[in-house]
Amino acid sequence: MSDASGVSTEVELVQLLTPEGERVGHPQYSFDGDDDQIRDWYRDMVLTRRIDTEATALQRQGELGLWASCLGQEAAQIGSGRALQKQDFVFPTYREHGVAWCCGVDPIHLLALYRGVNLGAWDSAATHFHIYTIVIGAQTLHATGYAMGVERDGLVGTGDPDRDVAVVGYFGDGATSQGDVNEAFIFASSYNAPIVFFCQNNQWAISEPIERQSRIPLYRRASGFGFPGVRVDGNDVLAVQAVTTAALERARSGNGPSFIEAYTYRMGAHTTSDDPTKYRLADELEHWRLKDPIQRVRAYLSRTGAGQDDFFGAVDAEAADYAADLRRRCLTLPEPHLLDLFDHVYAEQTPDLAEEKGRYAEYLESFDDSIPEAVEGHPQAEPAYGGIA
Amino acid sequence: MTVLTMAKALNAGLRRALEADAKVVIAGEDVGKLGGVFRVTEGLQKDFGDHRVIDSPLAESGIVGTAIGMALRGYRPVCEIQFDGFVYPAFDQIVSQVARLHFRSLGQLKVPLVIRIPFGGGIGAVEHHSESPEAYFCHTAGLKVVACSNPVDAYWMIQQAVASDDPIIFFEPKRRYHEKSEVDESATPVALHSARIVRSGSDLTLIGYGPTVRTCLDAAEAAAQEGRDLEVIDLRSLSPLDTSVVLESAQRTGRVVTVHEAPVNVSLGAELAARITEQCFYSLEAPVLRVGGFDTPYPPSRVEDEYLPDLDRVLDMVDRSLAY
């Protein structure tokens, strides 16, 4: 059998932990950590899912304008996020909430963006996690350029693992159809940039299935651009971490870009505005539910005894507390003021904009002056509502 | 004092910028070994290396998008878009990405990026090589837009643009690349975002920028022979506009004609007319009139001389203004 490109249709999927929670070997990749690490990543994934669930609930209750859920993609995000060294740098899409968690971005910033308080104003210099990019694929070029800068800084291939820097550009399956992503592949390849292209193939670009984006497995695209591509079980946190670690080391050591296709599934809607029942079958969801990234780690920990009920209970309790606190913080986020935003358009403010701000401030002040004070004994009339009683 | 063409003046300015700051890099199609199709970057790769003067793959969005990434890493990239009509594949990276990063990050991210674009017609080129797309960029908050009109400004403005912490679209009038003038490399330049009166007059104000400043000066010269005393303003900065110079002149002369190659519909001329009307209403003797390209796509080159504002069309509009 061969696919549309004439290449064998046999697709290799790197897996180190089966959906049933059994550790399996792989000739090229291995998990080098211990059960403590697996417990940590279990906690990361549970907390990520709990934060995600809370955000979805907040949207349903009208407290967020929108939320893009990462439900089902926790292993892809925590596995890759935990492979990062502190000097590495991440360019995310708008759904990398688990990676943000690994980089130390307070989730309240993600909620602030989706609440409409700001446009995603966390400290990217401190967290090494660039602000979210909503236009599909645009950030892959920023990631590539950043990596070109790293290379010019002489921070590739020094042999010092604490100094050498790799960059990760995240994107989804739909983005692989974008010109920018393909241009990013070309620039990265041409300049041998220290970058890992991390594609979460969650099978759906809103309503369009992966078959609409590609007639060949996505990871095979890499070879056409001149760098290696690998498909990893995106619901297997151990395999994702191992594959990403290898790709990051390759980039840091000066061997150039590589492509990871994390094969996963978007268990939720594209965003809270979407209705997936219109375009996909419940059977498909059930099929992927059996491959859940968190359940398989729990199964492994339970069976080996590395995690007992008290551990799982403690993580769940921590997640519940965290979510409650996050909700409280979300509801008390300060409201933004348009007037404050005029000063952030330019690094060096323009006279035109300063003047426009001044005029708007005067306009706002004119309202304060126009409210007549109620005279004692003559309360202001109640406003009429168009005769509607 | 050296006599330089505008292309050589830009080259000298870029050279000085590369010398002044090791973080300055140049990227674009053919900018390295060839020195650019207009030779503006000639010799720079040889002297500064291919790590600083980068021949890019043939992809405009890629050029601008990777330059944004380099700027986020602390570099000060100067991109070249080979011709005006080729900038549109990079439109998202310019208007939705780089223009907004400072705003979106509430001022945390500075993106010092210069995008050089040879613009305008008059060189007998094929399609997409003669456009004037400046209004698109002036309409976008977060961008600054400038246009040089002569070698002296070219030399200083490119250095000032590179030194700016804001993204700047830098328009170069390609049909003026080979016009020469003396450039004093030890002079003190005027501020980047300032307009300049290049000829004083009292009867009417002509406002041009880039390639049409020369057209305006020629028109003023011709009008002088008929006893009309025209003032000419070189706008230089298209966004932000230096309205102080423009409004003062409009109040003094009472008549304004704007001149650019771009179509007048929703143009710089339209914006100038609106601002002048609002601010100088009681000083005006005539409505602000606009001369520009027509609302057709840029025509085949054998008729481009009809499309481009020339001395006769400017003088015709001057007559109309003076007739009010």
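Some ground rules come with it: residues are numbered from 1 along each chain as its sequence is written, while chains are lettered from A and ligands numbered from 1 in the order in which they are written. Since the model is predicted, local features need pLDDT of at least 70 and side-chain atom pairs count only at pLDDT 80 or more, whereas totals for chains, interfaces and linings use all residues.

## How confident is the model?

The model as a whole scores ipTM 0.97 and pTM 0.95. For single residues there is pLDDT, the predictor's confidence in each residue, from 0 to 100. Chain B averages 98, with 100% of the residues at 70 or more. Chain A has a mean of 93, and 92% of its residues reach 70 or more. Within chain A, residues 378-389 have pLDDT below 50, and beyond near neighbours in sequence this stretch has two contacts in the model. "In contact" here says that the C-beta atoms of two residues, placed from the backbone, lie within 7 Å.

## The two chains

The table below uses a few terms. Helices (H or I, at least four residues) and strands (E, at least two) are DSSP runs, numbered from the N terminus. A residue is buried if 20 or more other C-beta atoms lie within 10 Å of its own, exposed if 12 or fewer, and partly exposed in between, with C-beta atoms placed from the backbone.

| Property | Chain A | Chain B |
|---|---|---|
| Helices and strands | chain A: 15 helices, seven strands | chain B: twelve helices, 14 strands |
| Span along principal axes | chain A: about 85 × 50 × 40 Å | chain B: roughly 60 × 40 × 40 Å |
| Buried residues | chain A: 47% of 389 residues | chain B: 58% of 324 residues |

In chain A, 75% of the contacts with a separation of 6 or more are between residues 24 or more positions apart. In chain B, 79% of the contacts between residues at least 6 apart join residues at least 24 apart.

## Where the chains meet

What does the interface look like from chain A? There, 33 residues of chain A are in contact with 35 residues of chain B. On the chain A side, α6 (138-152), α7 (179-190) and α15 (351-370) each give two or more residues. The largest share, eleven residues, comes from α6(A). By class, this side of chain A has 16 nonpolar, eleven polar and six charged residues. For these classes, Ala, Val, Leu, Ile, Met, Phe, Trp, Tyr, Cys and Pro count as nonpolar, Asp, Glu, Lys and Arg as charged, and the others, Gly among them, as polar.

## Two domains in chain B

Chain B splits into domain 1 (2-183) and domain 2 (196-322), with bounds from an automatic or database domain assignment. Their C-alpha centres lie 26 Å apart. Across the boundary, 23 residues of domain 1 of chain B are in contact with 22 residues of domain 2 of chain B. On the domain 1 side, α6 (134-138), β6 (144-147) and β7 (168-173) of chain B each supply at least two residues. β6(B) gives the most, with four residues.

## An enclosed strand

Buried or exposed: which is it for β5(B)? Six of the six residues of strand β5 (residues 114-119) of chain B are buried, so this strand is largely enclosed by the rest of the structure. In a regular strand the side chains alternate between the two faces of the sheet. Here Val114(B), Arg116(B) and Pro118(B) point one way, and Ile115(B), Ile117(B) and Phe119(B) the other way.

Strands count as paired if DSSP finds at least two bridges between them. β5(B) pairs in the parallel sense with strand β4 (residues 76-80) of chain B over three bridges, and Ile115(B) is the bridge partner of Cys79(B). β5(B) also pairs in the parallel sense with β7(B), over six bridges. Phe119(B) stands opposite Pro173(B) in β7(B).

## A loop residue

Finally, Arg228(B) sits in the loop between α8 (212-225) and β11 (230-234) of chain B. Arg228(B) counts as partly exposed because it has 18 C-beta neighbours inside 10 Å. Not counting residues up to four places away in sequence, Arg228(B) touches Asp203(B) and Ala223(B).
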